[in-house]
Each structure stands twice: as C-alpha cells, then as structure tokens.
Amino acid sequence: MTTLAIKPQWKALINHEKSKPYFKILSEKIAAERTAGTTVFPQDDDVFNAFTYADLTEVKVVIIGQDPYHGAGQAHGLAFSVQDGVKVPPSLVNMYKELVTDIDGFETPKHGCLTSWAEQGVLLLNTVLTVQQANAHSHAKLGWETFTEQVINELNTHNKGCVFILWGAHAHKKGKNISLDKHLVLKGPHPSPLSAYRGFFGCKHFSQANDWLAKQGMEIINWKLATEVLVK
C-alpha cells in the first residue's frame with residue numbers, strides 16, 4: 001500500500017506522546033517482537049494509517065474499534081477495514097447489512113476497504129493499534145489504550161463538533177468523557193455475529209450521523225462504497 005503522510009495536527013500529538021515513558025516502553029516491546037520474528041499486524045508503516053486521511057479538526061465521525069484484525073493481510077491501520085482483495089470479516093459484513101437498510105441506495109461491496117470513508121473525515125480508530133498474528137488482544141495493556149485515550153481527549157477538546165459511534169462495551173467506556181454539548185455520541189451493541197442481533201441491526205447510526213452533520217451545516221458522509229474489489 002502507498003503510505004500517506006500523517007496529518008500535521010495528528011503528527012504533533014503523536015510526536016508528543018512518543019516522548020513519554022509509556023510510549024517508549026510500548027515501542028520497544030513491539031520492536032523487540034518484530035525483531036524476534038513474531039508477526040505483528042499491521043505492518044509498521046500502517047500503524048498510524050488512521051491519522052493520514054483527515055486532520056484532527058477535519059474529523060466529522062469517529063468509529064471506535066478494539067484491536068486490529070489478526071489474520072494475514074487483513075489489517076491496514078483503519079478500524080473494521082481490510083485491505084483490497086481480502087475476504088470481508090463478519091463484523092463488517094454486519095455493518096454492510098445495516099447500511100443496506102439504513103442508507104438509501106447502498107449496495108453491498110465485494111471488498112472491505114473503507115478508505116473512502118476515511119478520506120471524508122471518518123476516523124476509524126482502534127483503541128489498540130497493533131496485534132500479534134492469530135492472537136487477538138495480544139497487545140492490550142501494552143500502552144496503546146493510553147495513547148488512544150489522548151486522541152479521543154484531543155478530539156473532544158479541539159474538534160468543533162463530530163459524531164462518536166461507539167459499538168460494544170469496550171467502546172462505550174472510551175466515550176465516558178466526551179462532551180455532549182458539542183458532540184453527538186451514538187451507542188449500540190457491537191456488530192460482531194455474537195452481538196449484532198441484540199440491537200446493532202436497526203440502530204441507524206449511519207443516517208443519524210448524517211442527520212446531525214447536516215443540522216450543524218457540515219457536509220454529510222457518503223457511506224456508499226465502490227461495489228467491486230478495488231485491486232484484483
């Protein structure tokens with residue numbers, strides 16, 4: 001994949017966090033794993049990919065995931081998204097099912113690449129940015145949670161107003177300090193097959209996000225995606 005440059009406001013935040021002891025320890029642990037031959041996803045160049053499309057004050061919608069997909073070739077730094085040509089994961093399949101019923105004219109794509117959302121100001125943020133291959137949650141508690149908490153705090157403070165979409169208990173906790181005076185917070189069950197039927201289906205979060213953005217005088221998100229696989 002072509003690696004884009006991290007946007008300036010995000011770069012300042014990331015560099016500031018990198019100077020802190022917790023981040024240095026985090027980086028050293030991940031580097032040691034890669035050096036020892038442990039496969040870590042996403043590849044090093046894509047770890048901060050979510051911060052290359054829209055800068056902090058340009059973000060309109062935040063969708064919070066947990067940790068990256070841990071299968072070969074899947075993760076590329078955007079929550080819920082997979083690289084072109086990779087089988088669409090079950091949670092994203094359910095997101096597409098919800099989009100079909102929520103957004104007029106949405107057609108289910110044959111791919112799972114969500115970069116077109118990111119380009120419009122949708123921050124697809126995992127709370128943990130790396131994972132070992134075939135070992136879900138293996139990098140939980142390494143320090144990423146501290147970093148992404150700061151990302152959310154920065155958005156809460158410096159973004160003039162955006163929509164936070166929080167699916168599942170883990171994401172709900174990350175939204176506890178978001179100001180409801182200027183942001184919209186939408187909560188629901190996670191789209192995974194284990195919980196999607198408990199209220200994710202029918203939540204209409206995508207259209208609710210656009211309704212709110214329109215009321216703020218902001219351009220809405222085009223949730224529709226190219227239907228064909230982008231790269232064969």
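Let me begin with a convention: a crossing of two helices is called right-handed if the near helix is turned clockwise from the far one by less than a right angle, and left-handed if anticlockwise. With that in hand, and keeping in mind that what we have here is a predicted model, I would like to start with helix 1, residues 8-18, and helix 5, residues 144-158.

Helix 1 passes helix 5 in a right-handed crossing, and the two pack at an angle of about 140°, with their axes 11 Å apart. Angles over 145 degrees would count as roughly antiparallel, and helix 1 and helix 5 are therefore oblique to each other. On the side of helix 1 the residues that meet the partner are W10, L13, I14 and E17, and on the side of helix 5 they are F147, Q150, V151, E154 and L155. Sorted by class, this contact has six nonpolar, one polar and two charged residues.

Which residues does F51 contact, once its neighbours within four places in sequence are left aside? The list consists of I6, K7, W10, I14, L123, L125, L129, F147 and V151. W10 and I14 in this list belong to helix 1, and F147 and V151 to helix 5, and these four also take part in the contact between the two helices. The largest nonpolar core has 67 residues, and F51, together with W117 and W223, touches the most other members of that core.

Let me turn to the backbone in the loops. F80, in the loop between strand 2 and helix 3, has a positive phi of about 70° although it is not a glycine, and at 7% relative accessibility F80 counts as buried. K204, in the loop between strand 6 and helix 7, likewise is not a glycine and has a positive phi, of about 55°, but K204 is partly exposed, with a relative accessible area of 38%.

Where is the cis peptide bond that involves P42? It runs from F41 to P42, with omega near -10°, and P42 itself is placed in the loop between strand 1 and strand 2.

Definitions and conventions
Residues are numbered from 1 along each chain as its sequence is written. This is a predicted model: local features need pLDDT of at least 70, side-chain atom pairs count only at pLDDT 80 or more; totals for chains, interfaces and linings use all residues. Side-chain values use heavy atoms; hydrogens and water are left out. A nonpolar core is a set of buried Ala, Val, Leu, Ile, Met, Phe, Trp, Tyr and Cys residues joined through side-chain atoms within 4.5 Å. Buried means under 20% relative accessible area, exposed over 50%, partly exposed in between (1.4 Å probe, protein chains only). Contact means heavy atoms within 4.5 Å. Axes are lines fitted to C-alpha atoms, for helices over the stretch in contact, and angles run from 0 to 180 degrees between N-to-C directions. Angles under 35 degrees count as roughly parallel, over 145 as roughly antiparallel, 65 to 115 as roughly perpendicular and the rest as oblique. Ala, Val, Leu, Ile, Met, Phe, Trp, Tyr, Cys and Pro count as nonpolar, Asp, Glu, Lys and Arg as charged, and the others, Gly among them, as polar.
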